[in-house]
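Dear colleague,

I am passing on the structure we spoke about, and below it you will find my notes on what turned up when I went through it. Please read them with the coordinates open beside you.

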Amino acid sequence: EDDFQFICCEGCRQKSPNLKLLTCLHTLCLHCLSKNKSLGQCPVCQMAIPQASGIPNMDNTLFTNLQARLSIYKKIVDRVNLLCDNCKQTSDFWCSKCEEFLCAQCLKVHQRYLKSHEAQRVVDIRAGSAKDFLEDTRRTGNLFCSNPTHGSQTVSIYCRKCEKALCCSCALLDSHHAPFCDIHSETQRRQEELSTINQQLKQKRSGFEATYTALQNEASRLEEAQREMRELIRQRVEQLVQLIRQEEEELLGLVEARQEQGRRELARELQGVEGVLRRMEAGELLVQKMRLYATEQEVMDMQPFIKGSLEELQRLQPPPAGNRAQPGDLAECRARLQAL
């Protein structure tokens, strides 16, 4: 359970069959998105959701498919309704390609007609780990042709011209597709492309972390300066006569106003930098889990979207510390105190 908490919604931390991937690379369920619709932004990092409906178009098929595969593993481990999908007798085998439970008798028929399918013993799956089961089902995952008339055809070719996976029928019948390459090579290239971008983001992340630390230190210094000035004002005003008590209140009010202004400005900058860091963390996690668990179908479906979001993160730069105006300036307050 602890190893696979990342497949839950990042808003409510619950598993859901309807997970959406935002451009900030956080994953939320439809319930959390609908609840947050009026704000129109990610509740984790506050980045705006570009879709007018507030519901992103991109499904996180990696996480939803992992949920489905893990539910099968849990069913096997818990020994819940392990019946043959053909004859409803007690099943002893699992075929990951067909995604079916089989009894010993049905397995003989299954292997007679589908010799390339290797069914696993349920007891062997139960003895192994969830990661072993996911790795086995990942290896047996297939990409299917996007042409509706060839839906059952397994694709093995990638057309660089139209950037689409093809089955052999598409490649032979349509002369517009060229040049070709092996689909496995293209999948590997996309994984490596995401890893390269992710590595570059790791290097850039240090700049954002330094800015975040500087802003936090600046906020602490601001609070300390406010406390010192407030104490100085009180000491001086206590020495004055009753006739200038009103001036005392005005000076205290000015300090509070400057403090609130500075806090708001720093909070806004901190929130922005924190949002970017969270998006980078989400990107790192997603790329890592894609490499560990994604099938080729999931890579082909999700890689362009994830790549676009990672490249957008690459274009961001941490705000330079030297160009920011100093919040909470107390010069006016000091001048009035000196005059008093």
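Across which strands does helix α3 lie, and at about what angle does it run to β4? Please keep in mind that this is a predicted model. Helix α3, which covers residues 104–113, lies across β3 and β4, and its direction makes an angle of about 115 degrees with β4.

Those two strands belong to an open sheet of three strands, arranged in the order β4-β3-β5 with antiparallel pairing. Because β4 (100–102) and β5 (120–121) each have a single partner strand, they stand at the edges, and one side of each is left without a neighbour in the sheet. Between β3, which spans residues 93–95, and β5 the antiparallel pairing rests on two bridges, and within this part of the sheet F93 stands opposite R121 of β5.

C42 takes part in none, and its nearest cysteine sulfur, which belongs to C24, is 3.7 Å away, whereas a disulfide would need the two sulfur atoms within 2.5 Å. C42 is also buried, with a relative accessible area of 0%. C106 is likewise in no disulfide, the nearest cysteine sulfur being that of C103 at 3.5 Å, and C106 counts as buried with a relative accessible area of 15%, because the term applies under 20%.

Terms used
Residues numbered from 1 in each chain as written. Predicted model: local features only at pLDDT ≥ 70, side-chain atom pairs only at ≥ 80, totals over all residues. Heavy atoms only, no water. Buried < 20%, exposed > 50% of the residue type's maximum accessible area, 1.4 Å probe, protein only. Pairing = 2+ DSSP bridges. Helix = DSSP H or I, 4+ residues; strand = E, 2+ residues; numbered from the N terminus. Contact = heavy atoms within 4.5 Å. Axes fitted to C-alpha atoms, helices over the stretch in contact; angles between N-to-C directions.
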